[in-house]
Amino acid sequence: MLLCCLCEPAFGWGDDGHRIIALLAEPHLTAPVRAKVRALLAGDTSGLTGPSFADQATWADKWRDSDRNTTRERYERTREWHYVNIRLADANIDAACHGRPALPAGTPASAGPPRACLIDKIDQFIVELRDPRTPPDERRLALQFLLHFIGDLHQPLHAGDDSDRGGNDKKVLLPGFNPDNLHQFWDTTVVRRLGPRPERVARELSRTIGPVQRRDWSRGTPSDWARESYVVARTRTYAGLPGPGDDGRRSLTPAYVADATQTAKQQLCKAGVRLAWVLNTALR
């Protein structure tokens, strides 16, 4: 059990990051789409999150972890869906997505094989959400996973990988916050620096998104967004990272932290805009 715990990476922007993304997206849903979203989410009886749109954006993590210390069926089946490890050395998305295998015919995306990448799962769940013939429970699951996965795709260390499990193997130090590793810093610490209340952070970030940005970000595919996040990982997240000290840890400099904070703001904004665009397009 100890070895399992040591080997398992962290996931997600953290709850606050996913709530911020949802809070950025929700005001930009059309009225008909907002009604459809609420109707679908009302069918959730899992009890894993609150009923709000922002709470439901954390559902996929709660679902994955709900049996992590018991049967591990949900955990093992869905944990790889949260990321796509595009190696810095070759930038090969096909390899990162295990050769891009098709979802077996007749298989709901929520029951798909465990060995699947974040890009392909987003594509599969968009197809299900768009199709009114999708059974209601599966369509709700598609929505719940998309609320989370589109956010995950914009966390740079869910796309870029320096043969370090998305930064989990790079130990870091930051006085006052004490993240354990680089992945945790980008998941939660950098978001925590934006403020303690997701609602307030989302309002502040929303004011920075102009109509041109909203137009430019409301296009492309999950593969395009993954490549974009990969570039951010390569040029911002890993570039400029201090070397390790004698204890193997990297002391994050004020310049690195400041740059990471601005980068995280933009990635959260892009994710919010694109989440709204995907839902408006799929449920119109």
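The legends below describe several close-up views of one predicted model. Residues are numbered from 1 along each chain as its sequence is written. Because the model is predicted, local features need pLDDT of at least 70 and side-chain atom pairs count only at pLDDT 80 or more, while totals for chains, interfaces and linings use all residues, and side-chain values use heavy atoms, with hydrogens and water left out.

**View 1. The largest nonpolar core and residue L279.**
The largest nonpolar core holds 76 residues, and V37, F53, V84, L129, F185 and L279 touch the most other members. A nonpolar core is here a set of buried Ala, Val, Leu, Ile, Met, Phe, Trp, Tyr and Cys residues joined through side-chain atoms within 4.5 Å, where buried means under 20% relative accessible area, exposed means over 50%, and partly exposed lies in between, using a 1.4 Å probe and protein chains only. Helix α14 (residues 254–282) gives the most to this core, with 13 residues; helices (H or I, at least four residues) and strands (E, at least two) are DSSP runs, numbered from the N terminus. When residues up to four places away in sequence are not counted, L279 touches L29, V33, V37, F53, L129, L143, L147 and R284, with contact meaning heavy atoms within 4.5 Å.

**View 2. Aromatic rings around W81 and F145.**
The structure holds 10 aromatic pairs, and rings of Phe, Tyr and Trp (its six-membered ring) count as a pair if their centres lie within 6.5 Å, with planes under 30 degrees apart called stacked, over 60 edge-to-face and the rest tilted. W81 and F145 form an edge-to-face pair, with 5.7 Å from centre to centre and 65° between the planes. Because W81 lies in the loop between α6 (73–78) and β1 (86–87) and F145 lies in helix α9 (residues 136–153), this pair ties together parts that are 64 residues apart in sequence. W81 counts as buried at 0% relative accessibility, and F145 is also buried, with a relative accessible area of 1%. The rings of F125 and F145 have centres 4.9 Å apart and planes at 15°, so this pair is stacked. The pair of F125, in helix α8 (residues 118–130), and F145, in helix α9, links distant parts of the chain that are 20 residues apart. Ring pairs also link W59, W63, W81, F125, F145 and F149 into a cluster.

**View 3. Charged ends over the rings of W63 and W81.**
The charged end of R74 sits over the ring of W63, 3.6 Å from its centre, and the charged end of K121 sits over the ring of W81, 4.0 Å from its centre. A charge is said to sit over a ring if NZ of Lys or CZ of Arg is within 6 Å of the ring centre and within 35 degrees of the ring normal.

**View 4. Helix α8 and its surroundings.**
Helix α8 has 13 residues and reaches 18 Å from its first C-alpha to its last, close to the 18 Å expected at 1.5 Å a residue, where the expected span is 1.5 Å times one less than the number of residues. This helix is mostly covered, with 10 of its 13 residues buried, and among the buried residues are I119, K121, F125 and L129. The buried residues of α8 pack against α3 (31–41), α7 (93–96), α9, α13 (222–237) and α14. Q124 is found in helix α8 and counts as buried at 15% relative accessibility; leaving aside neighbours within four places in sequence, Q124 is in contact with L103 and A109.

Q56 lies in helix α4 (residues 53–56) and counts as buried at 1% relative accessibility, whereas T49 has its place in the loop between α3 and α4 and counts as buried at 18%. A polar contact of 3.2 Å joins the side chains of Q56 and T49, and the side chain of Q56 also reaches the backbone oxygen of G50 at 3.3 Å. A polar contact is a pair of N or O atoms within 3.5 Å; within protein, one must be able to donate a hydrogen and the other to accept it, and residues adjacent in sequence count only if both atoms are side-chain atoms. Leaving aside neighbours within four places in sequence, Q56 is in contact with residues including L41, D44, Q144 and L147.
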